[in-house]
Amino acid sequence: MSEEKHDQQRNSRPDAPLGSTSTCFAAVPRGAEEIAAAELQALGISGTQVGRGGVAFVTDRAGIYRANLWLRTASRVLLQLAVFPCATPAELYGGVHAIDWTELITPEMTLAVDCSLRDSALTHSGFVALKTKDAIVDRIREACGSRPNVDTASPDVRINVHLHRNVCTVSLDSSGDPLDRRGYRLEHNEAPLRETLAAAVVALTGWDGSMPLADPMCGSGTIPIEAALVAGRVAPGLQRAFGFQRWLDFDAEIWERLLKEADSGIRKLPVGLITGYDQDSRALKLASRNAAKAGFEGQLHFFHAALDTFQPEGDTGVVIINPPYGKRLGEEDELKELYCQIGDIMKKRCRGWTGYVLTGNLELAKYIGLKASRRFVLFNGAIECRLLKYELY
Ligand SMILES: C[S@@+](CC[C@H](N)C(=O)[O-])C[C@H]1O[C@@H](n2cnc3c(N)ncnc32)[C@H](O)[C@@H]1O
C-alpha cells in the first residue's frame, strides 16, 4: 500500500482501533524466555509471565514499538485480539468472525495468516490459516462491500493464529518480518547462528562490554556483532521496518521519538574489545561485511586463524565458541579431535578468562574434557543445544 493511501486511511479513522493497553506475547527461542522477560523489565514493562517459548506481558502502543525495537532475544511480538475455545472449523470461523476486523484492515489493505497448532482437534495448519482468512475477509466484505487480498510475502497486516489444546488465540503480529532479521546479514554462510540465539548466548554469559570478548570460530560474526550491539547500546531493530508501521493506528510521532532516543544513546566501541577468528576466509569476509552493515566498521576485529593458533589478548575476558556440531555421517569422528583441541586451548591459553561453548552435540561436548560449571539449555530451531560454561583459572 502506498504511504499516501495509508495516511488517508489512517486519517479517516479518528480513534485508534486498539485499546490503551494490550496483552502481548513475545515469542522467544526456547531456553531464552527468562532473558526475554528480563529484557522487557529493563524496558520498563513489568508483570511479565514466562511461558514455554515466550513471555506474556501487558503494555501500551509505545511499549509495543519499544519491545520490537529493543528486544534482542524475541523473534516476534504478538498482540492478542481474542481467545476462544476451538475444536471444530465452525468454532474457528465463528471466533475469528466475531472480531471487528474493520477496525484493523480496510479492503484496500493486504493480509496474511500464520498458524501454529499443538495438541488440538484441528491438525492441519494450512486449513486453519485458510478458514481464518475466510472469516476475516467475509467480515470485512459484509461491512464494506469488498474484501482485502492476501499477500503472504509482504502483507500490511500479519495475523497469527495459535491453537493449543483446543483453545485458539488470534493475534496481530506487530513485528512483520521476524525480529532476528536485524538487517545486517547480507548473505548466509553454512551454519550461521540465528541472531536472536546469539543474543541469548551473549546475555547468558552476563557480558556487558566491560571486558574483552573473543569468538575463535566466529563464522559470519553473529556472536561478535550481537555483542557489539549490546556494548554499543544499539537497538537491534534500528535498521529495519516493522509490521506495526503499516497498521491503521500507527503513531509516527511516538515512533520517531523512540528512534531518536535510541540513536542518541549509541556509543563507539573501545579498540580491541571484541575479536573474531575463523579458519575460513570466506566466512570472515562475510563477518566483516555484516559488521560494517551493522554500523561497526573498523570497530570489530576479525582475524584469519585456525583454532590451534588462537591466543586471546589480555588477562581476563569472555571467550565464546560455537563449533560445528557434525550432523552428517562420518563428520563426528573428525570433530572429536576439534572438541579435544577446544578444551586444550581454553585450558592452556585462556587462563583468567571465562569460556563458553555452544553445541548441539552433547556426545562431542564430552571431548572438551573440562568440567562445566554451568549448563544452559537453548534450542536452535528444533535442535536442543547446551551452552557450557568453563571457569578457566
Ligand atoms: C557453527 S560455525 C559458527 C557459526 C557462527 N557462529 C555464525 O553465526 O556464523 C563453526 C565455524 O567454525 C569454523 N572452524 C571450524 N574448525 C575450525 C578451526 N580448527 N579453527 C578455526 N575455525 C574453525 C568454521 O569455519 C565455521 O565458520
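I started with the domain centres: those of domain 1 and domain 2, taken over C-alpha atoms, are 36 Å apart. The model is predicted, so I note that local features need pLDDT of at least 70 and side-chain atom pairs count only at pLDDT 80 or more, while totals for chains, interfaces and linings use all residues. Numbering runs from 1 along each chain as its sequence is written.

I looked up the bounds: domain 1 is 3-173 and domain 2 is 195-232 + 268-391 (bounds from an automatic or database domain assignment). I then checked contacts (C-beta atoms, placed from the backbone, within 7 Å) and found 9 residues of domain 1 touching 11 of domain 2. The domain 1 side of this contact has 4 nonpolar, 3 polar and 2 charged residues (Ala, Val, Leu, Ile, Met, Phe, Trp, Tyr, Cys and Pro are nonpolar, Asp, Glu, Lys and Arg charged, the others, Gly among them, polar).

Next I traced the sheet, which is open and mixed, with 8 strands in the order β2-β3-β1-β4-β8-β7-β5-β6. Strands are DSSP runs of E, at least two residues, numbered from the N terminus, and two of them pair if DSSP finds at least two bridges between them. β2 (49-51) and β6 (149-150) each have a single partner strand, so one side of each lacks a neighbour in the sheet. β5 (residues 110-118) runs parallel to β6, joined by 2 bridges; Leu 111 has Val 150 of β6 as bridge partner.

Last, I listed the ligand shell (C-beta atom, placed from the backbone, within 6 Å): among its 20 residues, Met 217, Gly 219, Thr 222, Asp 280 and Leu 307 come nearest. By class, the shell has 12 nonpolar, 6 polar and 2 charged residues.

Note on methods: Two residues are in contact if their C-beta atoms, placed from the backbone, lie within 7 Å. Helices (H or I, at least four residues) and strands (E, at least two) are DSSP runs, numbered from the N terminus.
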